[in-house]
Amino acid sequence: MKLTKIVKDIVLEGNLSDHDGYNTEAALRKEKEIKNKNVKPEDAITDLDLNTLNRNQTIKEYGYGPLNPDDEKGSKKFWEQKAELWNTTPEAAKASRCGNCGAFDQKKSTLSKIEKAIGEDGKTIVKNANIGFCEFFWFKCAGARSCDAWVGGGPIK
Ligand code: SF4
């Protein structure tokens, strides 16, 4: 078993399929497909289903979100929950996002791989969504979102 797989198993306990409620079919299919296979972090850059699997796991286990950070009303509950977890105010919680997380990889070389994998409009999409690669959970995440594993000192440039 590769070290990356061991680390991942420690970081993400359980499977996506353990969680009740709606989930993305493609992510659940991918979970079955990669069972007992070695997966490298960067595989998620080119494999959208794997990326979605890792992202959904982070939503279920680490409260990744909100869905639309620009929607103040729709994301109110999300930030209130983060504030409760950290014993702070929603305003203060909003200052800790993927965009300034220490696990948010925005190295030129990483962004270039992501842009290439997306295709023709890759550069624009990466720029507009302020995309980076989450080094903890291995998926392309948006700078305006956050999760319970946030750490300061980022992004990685
Ligand atoms: S660990 Fe950091 S970069 Fe990864 S999803 Fe959480 S807040 Fe975003």
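Analyst: Two residues are in contact if their C-beta atoms, placed from the backbone, lie within 7 Å. This is a predicted model: local features need pLDDT of at least 70, side-chain atom pairs count only at pLDDT 80 or more, and totals for chains, interfaces and linings use all residues. Numbering starts at 1 along each chain, as its sequence is written.

Start with Phe 139. Beyond its neighbours within four places in sequence, Phe 139 is in contact with Ala 44, Asn 51, Asn 54, Arg 55, Thr 58 and Cys 134. Cys 134 and Phe 139 have the most contacts inside the largest nonpolar core, which holds 23 residues. Such a core is a set of buried Ala, Val, Leu, Ile, Met, Phe, Trp, Tyr and Cys residues, joined through C-beta atoms within 7 Å. Buried means 20 or more other C-beta atoms within 10 Å of the residue's own; 12 or fewer is exposed, and in between is partly exposed.

Which elements give two or more residues to this core? They are helix 3 (43-46), helix 4 (48-62), helix 7 (108-118), strand 2 (131-134) and strand 3 (139-142). Strand 2 gives the most, with three residues. Helices (H or I, at least four residues) and strands (E, at least two) are DSSP runs, numbered from the N terminus.

Between strand 2 and strand 3 runs a loop that holds Trp 138. Trp 138 is not a glycine, yet its phi is positive, about 60°. Most residues other than glycine have a negative phi. Trp 138 counts as buried because it has 26 C-beta neighbours inside 10 Å.

Now the ligand. It is surrounded by 14 residues, and the closest are Cys 98, Cys 101, Phe 104, Cys 134 and Cys 147. A residue belongs here if its C-beta atom, placed from the backbone, lies within 6 Å of the molecule. The shell has 12 nonpolar, two polar and no charged residues. For these classes, Ala, Val, Leu, Ile, Met, Phe, Trp, Tyr, Cys and Pro are nonpolar, Asp, Glu, Lys and Arg are charged, and the others, Gly among them, are polar.

Cys 98 leads on to Arg 145. Not counting residues up to four places away in sequence, Arg 145 touches Tyr 64, Gly 65, Pro 66, Pro 69, Arg 97 and Cys 98. Arg 145 sits in the segment after strand 3. Arg 145 counts as buried because 25 C-beta neighbours lie inside 10 Å.

Pro 66 lies in the loop between helix 4 and helix 5 (76-85).

Helix 4 also packs on helix 2 (residues 25-33), at an angle of about 100° with the axes 8 Å apart. Axes are lines fitted to C-alpha atoms over the stretch in contact, and angles run from 0 to 180 degrees between N-to-C directions. That angle makes helix 2 roughly perpendicular to helix 4, a label for 65 to 115 degrees; under 35 is roughly parallel, over 145 roughly antiparallel, and the rest oblique. Ala 26, Ala 27, Arg 29, Lys 30 and Glu 31 of helix 2 meet Asp 49, Leu 50, Thr 52, Leu 53 and Asn 56 of helix 4. By class, this contact has four nonpolar, two polar and four charged residues.
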